[in-house]
Amino acid sequence: MDTRYTYYPGCSLHATGIAYDKSMRAVFKKLGSELAELEDWNCCGATAYMSVQKTVAFAVSARNLAIAERTGDDVVAPCSACYYALKHTRVGMEEDAELRAQVEEALAAGGLEADLSVEVRHPLEVLLNDIGIPRLVAEQTHSLEEFRPACYYGCQIVRPFGAVDEDPELPMSMETLFTALGARPVEYPPKVRCCGGMLVATMPQVATELSMDLVDWAIAREANCIVTVCPLCQSNLDLINVTKGSNGPTHQIPVLYFTQLIGLAIGCTPEEVGMEHALIPPDAKAPPVGVSSRHDAPVTIVGTREA
Amino acid sequence: MKTLDPLAGPIAPGVLSKTEQELRTAFLEEIDRIPGGARLNQCIQCGTCTASCPVSHAMDVTPRQVIAMFRAGAIEELLESRTIWLCASCYHCTLRCPAQIHITDLIYALKRIAIEEGIFPARFPVHVMSETFTKNVKRYGRNYEVGLLLRYFLRTKPLGLFAQRRAGYALWRHGRIKLRPDKIKDIDQLRKIIAKAETFDLPQEKVTSEKVTAAVGYESIGR
Ligand code: SF4
Ligand code: SF4
């Protein structure tokens, strides 16, 4: 299988989210899919732009879509905020003719045009739908048995545009995926709660409270790592680990990207998936598996909806 | 039957002041452009939004009250609330609202008006973040986290930098801080696109008073 995607790393993946960038590239390479970085991409606009100027936010984001149309491959955006901004732009232009006309005019000023032919996708959904769990299980070389992840989805990939087709109040795709790979995800009720996002800089007390709660839940459920799908969630939760004093957590807990864990399972080294960038490295290891037993183990889904 | 037009005539109980009128007009122009903005009058005040909001406990005006206050005409108070700066845009309220009101987008619209009108509560400088962010994009085409945070803290609370030092050091030690901003190649193209788009963000057409009362004004709450 050799599929090609246009990769939109976004600003965070070049800095605080570098481990996400490394693990994305490593996983896709291992699976034989090509990730071609979008040429001369610019900032997605994110949530901050939206609160200043609306049309500008759409136009800034649409420049990326217009460039992506040159190759026509689906755009894969790992950062939840980028995923949302790009998707929102695409959907907004489709639904609102006036907005579309304005954005097109703005793009034309820069000599670009957008015909909205490319899809915006999140890597979790790409890995689940294009690659699929059976293929990932077939590619598995290392055991994840020692991992007890708390799967954290956060906000913007589940709402308002569900990246993965499932219940926005109780997504289970990561649990299903990691269970299939032999890990033992814990039940994690606050999985779609907000981590505080950009409030971490502007109103740190409020943001810390939200992130701390998420960490406490994971610790209480005896998870040995939290798995995230977004660089902002990752750094917000990871930074709780270095919060000291009475505000600090009772334990430290590694906060990983889902792509890092998948990478380990399919034989990428910890360096290849950027494990050294985690503030707290995981204790759990992923030893090689024999060709034996558990591949044919039935897939069970943990967690039930609480009444 | 005689209907009260709050935007015309002598001041009577419930009639908006001049500033309020202007703010309301600006806001209506904004919400007019949000898909489903006119649904505001469908709110049943059930409070699902407030209950779903992770930060409502820290808000002075809850999401449900935002809708109620808007319908009561208290725009200025809304713009002065810290609620609009506290919203983390998590979309939980929007997902769950039984009347499909796009609360998050409405709060965005309020933020934009507040920035335009220069109204922000003291010591809640979130708007500085947004503004610094947009300046970065115009300059580099990308957002540069370190520069963003530095400028933000220097402009708002230099002591905040000290409080964040542990976090900064931890990130730096793990190779997660970049010391130089990335700049895109075709920054001119991006600037042209932004310049053009900006012309659409200026007020386009003045909303008439009829539109004000019909869309979400007092009529929608039965007056
Ligand atoms: S959830 Fe919707 S209908 Fe209920 S109070 Fe909030 S905005 Fe109104
Ligand atoms: S989008 Fe804003 S108002 Fe709505 S639930 Fe989230 S933080 Fe609260």
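**Conventions.** I number residues from 1 along each chain as its sequence is written, with chains lettered from A and ligands numbered from 1 in the order in which they are written. For this predicted model, local features need pLDDT of at least 70, side-chain atom pairs count only at pLDDT 80 or more, and totals for chains, interfaces and linings use all residues; side-chain values use heavy atoms, with hydrogens and water left out.

**Chain A, overview.** I looked up the secondary structure and found 12 helices and 7 strands in chain A. Helices (H or I, at least four residues) and strands (E, at least two) are DSSP runs, numbered from the N terminus. Of the 307 residues in chain A, 65% are buried. Buried means under 20% relative accessible area, exposed over 50%, and partly exposed in between, with a 1.4 Å probe and protein chains only. Among contacts in chain A with a separation of 6 or more, 78% are between residues 24 or more positions apart; a contact means heavy atoms within 4.5 Å.

**Chain A, open sheet.** I traced an open sheet of 4 strands in the order E2-E1-E3-E4, with parallel pairing. Strand E2 (34–37) and strand E4 (120–121) are its edges, each pairing on one side only. Two strands pair if DSSP finds at least two bridges between them. Strand E1 (residues 4–7) pairs with E2(A) in the parallel sense over 4 bridges, and A:Thr6 stands opposite A:Ala36.

**Chain A, helix H10.** Helix H10 (residues 204–220) has 17 residues and reaches 23 Å from its first C-alpha to its last, close to the 24 Å expected at 1.5 Å a residue. The expected span is 1.5 Å times one less than the number of residues. Buried residues of H10(A) include A:Val206, A:Leu210, A:Leu214 and A:Ala218. Just after the helix, A:Glu222 takes a positive phi of about 60°.

**Aromatic pairs.** I counted 5 aromatic pairs over all chains. Rings of Phe, Tyr and Trp (its six-membered ring) pair if their centres lie within 6.5 Å; planes under 30 degrees apart count as stacked, over 60 as edge-to-face and the rest as tilted. The rings of A:Tyr8 and A:Trp41 have centres 5.4 Å apart and planes at 65°, so this pair is edge-to-face. A:Tyr8 lies in the loop between E1 and helix H1 (18–30), and A:Trp41 in the loop between E2 and helix H2 (46–50), so the pair ties together parts of chain A that are 33 residues apart in sequence. A:Tyr8 is buried at a relative accessible area of 0%, and A:Trp41 is buried at 1%.

The rings of A:Tyr84 and B:Tyr91 have centres 5.0 Å apart and planes at 50°, so this pair is tilted. The pair crosses between chains, from helix H4 (residues 80–95) of chain A to the loop between helix H5 (83–86) and H6 of chain B. A:Tyr84 is buried at 5% relative accessible area, and B:Tyr91 is buried at 3%. I also noted one aromatic cluster formed by A:Tyr20, A:Tyr257 and A:Phe258.

**Chain B, Thr94.** I located B:Thr94 in helix H6 (residues 92–96). Is B:Thr94 buried or exposed? At 16% relative accessibility, B:Thr94 counts as buried. Leaving out residues up to four places away in sequence, B:Thr94 touches B:Ile101, B:His102, B:Ile103 and B:Thr104.
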